[in-house]
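Here are my notes on this model, as numbered points. Please read them with the structure open.

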Amino acid sequence: MTAALGPSPLITGDAHLSVDQARAAIAAALVPVTGDETVALHQALGRVLAEPVISPINVPAHDNSAMDGYAFASTDLPPVGGEVKLQVVATLHAGAVPDFQVPSGTCVRIMTGAVMPAGLDTVVPQELCRAENRDGHVVVTLSAGVVQPGENRRHAGEDLARGKPAVPAGRLLRPAELGLIASLGIGTVTVRRRLRVALFSTGNELRDLGQPLDPGCIYDSNRHTLTGALSRLGVEVLDLGLVRDDPDALAATLERAIAEADVVLTSGGVSVGDADHTRALLARLGRVDFWKVAMRPGRPFAFGPLTAPDGQPLRWLFALPGNPVASLVTFYAFVREALLQLGGADAQPLPTLRVRCETAIRKRPGRTEFQRGIVARAADGGWSVRLTGAQGAGILRSMSEANALVVLGHEQASVAAGETVEVWLFDGLV
Ligand SMILES: Nc1nc2c(c(=O)[nH]1)N[C@H]1C(S)=C(S)[C@@H](COP(=O)(O)OP(=O)(O)OC[C@H]3O[C@@H](n4cnc5c(N)ncnc54)[C@H](O)[C@@H]3O)O[C@H]1N2
Ligand code: MOO
Ligand SMILES: [Mg+2]
């Protein structure tokens, strides 16, 4: 049985969509792929957790000291304005288990992480008290007010309590989650299987790296840009290379992509001039819609389900415009979050800020514009953005210089220098 294409939730035909409508239509259509696998924790960075991790233990397991210093009972704290002398009766290093009682009026030397002896609840850091040797004993003099009752004691289970969820399903595992799971003694995790994305570039003018650059030709940069963007998402990339603008070559490559991958990502050949033979082919292979999105760059874009081999779930096609900047901008605007959604991850939009714009930008309402900018700290300590220069859809250099996209919304008109604008950080701040 062939996976059925139900009624399309998408806007069909040559719809003109806003960026928000396009994003919403994609999110509504996608069905996350299924399949889990168990991996060693040290191989789980960037994977999506399939089942919640429940803490099997208390972390920390025991009350312990947060400081190198002296542990004592808060009932021995000096009165206001006074002092107390406590004799040191034992020394505790991390890893030792105190199996003795500490008499009232005495204290123990304790190191950070060492288990607190029964009955003691407060630790004074060593730099806040005075320790001296008197008649073969160490005596600590503690003044009133340097430490409050209960201070510098870490409680058992304060990080995680036994039986409580530690990391929810759907979480993309980052270094902090790997450490948290390790702190529970858990060495393997069940994660969603990796998405498989087939990627190819289309265009007779494209040449592969290492090939001679024939007259009129250019090197294929999109496949390398998109391989990088995909790799950051932790998906498996099936590189299907360059495909000529030829219906048979395109059909053969698409059929292979559909057979082997969950998602097909292409660039080039979606605008009015090129798309006719592609449309006929895609009408045979699935229900892909060609959109004109009210945005710049990145107006032409195609998206939709493709029929999978017998019994398999649908495949999803994202066909990006060929212009190199348009291709990466549409990846960030439409594909990145869609792939995370297909892979079962929680929503992870690019970090968005509102910052002061140093550059005046001319714009008319009626489309969303993405301009390349550098977000940096201004002299007054606030964050601001300045544009990276020429903004043509083919000028990849200005994308490479940028760390953010200035996103001027559908209804936004021109921006004066000094006004606040929204930015999407796509690469951190350096
Ligand atoms: N009459 C119209 N012409 C165009 C329209 C339109 O609405 N009406 N839209 C323009 C916009 S916006 C874009 S973007 C492009 C999109 O075109 P395609 O997706 O069909 O892409 P191509 O024509 O194949 O290529 C456009 C441009 O990008 C270069 N390119 C393509 N692939 C790569 C690659 N892998 N690496 C580097 N550079 C690539 C290609 O050589 C072209 O210069 O259409 C406009 N035209
Ligand atoms: O997508 Mo096109 O790059 O706006 O020129
Ligand atoms: Mg074209």
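1. Start with ligand 2. One of its oxygen atoms sits 2.4 Å from a polar backbone atom of Gly298. Keep in mind that this is a predicted model, so the 2.4 Å value is a computed one.

2. The next residue to check is Arg299. Its backbone also reaches ligand 2: an N or O atom there is 3.0 Å from an oxygen atom of the ligand. Asn323 uses its side chain instead, with a polar atom 3.3 Å from an oxygen atom of ligand 2.

3. Now ligand 1. It has 21 residues around it. Those that come nearest are Glu205, Asp220, Asp274, Arg299 and Gly322.

4. Backbone atoms supply several polar contacts to ligand 1. Ser221 places a backbone N or O atom 3.1 Å from a nitrogen atom of the ligand. Gly269 has a polar backbone atom 3.1 Å from an oxygen atom of ligand 1. For Gly322, the distance from a polar backbone atom to a ligand oxygen atom is 3.0 Å.

5. How much of ligand 1 does the protein bury? Alone, the ligand exposes 860 Å², and the protein buries 70% of that.

6. Seven residues from domain 1 and four residues from domain 2 take part in the contact.

7. That interface buries about 430 Å², with 41% of it on carbon and sulfur atoms. On the domain 1 side, Arg193, Arg194 and Leu340 lose the most area to domain 2. Together they account for 65% of what that side buries.

8. What links the two domains in polar terms? Between domain 1 and domain 2 there are zero salt bridges and one residue pair in polar contact. The side of domain 1 that touches domain 2 has three nonpolar, two polar and two charged residues.

Conventions: Residues numbered from 1 in each chain as written. Chains lettered and ligands numbered in written order. Predicted model: local features only at pLDDT ≥ 70, side-chain atom pairs only at ≥ 80, totals over all residues. Heavy atoms only, no water. Contact = heavy atoms within 4.5 Å. Buried area = accessible area lost by both parts, 1.4 Å probe. Salt bridge = Lys/Arg side-chain N within 4 Å of Asp/Glu carboxyl O. Polar contact = N/O pair within 3.5 Å; in protein donor to acceptor, adjacent residues only side chain to side chain. Nonpolar A, V, L, I, M, F, W, Y, C, P; charged D, E, K, R; others polar. Near = heavy atom within 4 Å. Areas by Shrake-Rupley, 256 points an atom, 1.4 Å probe, with all protein chains shown as cover.
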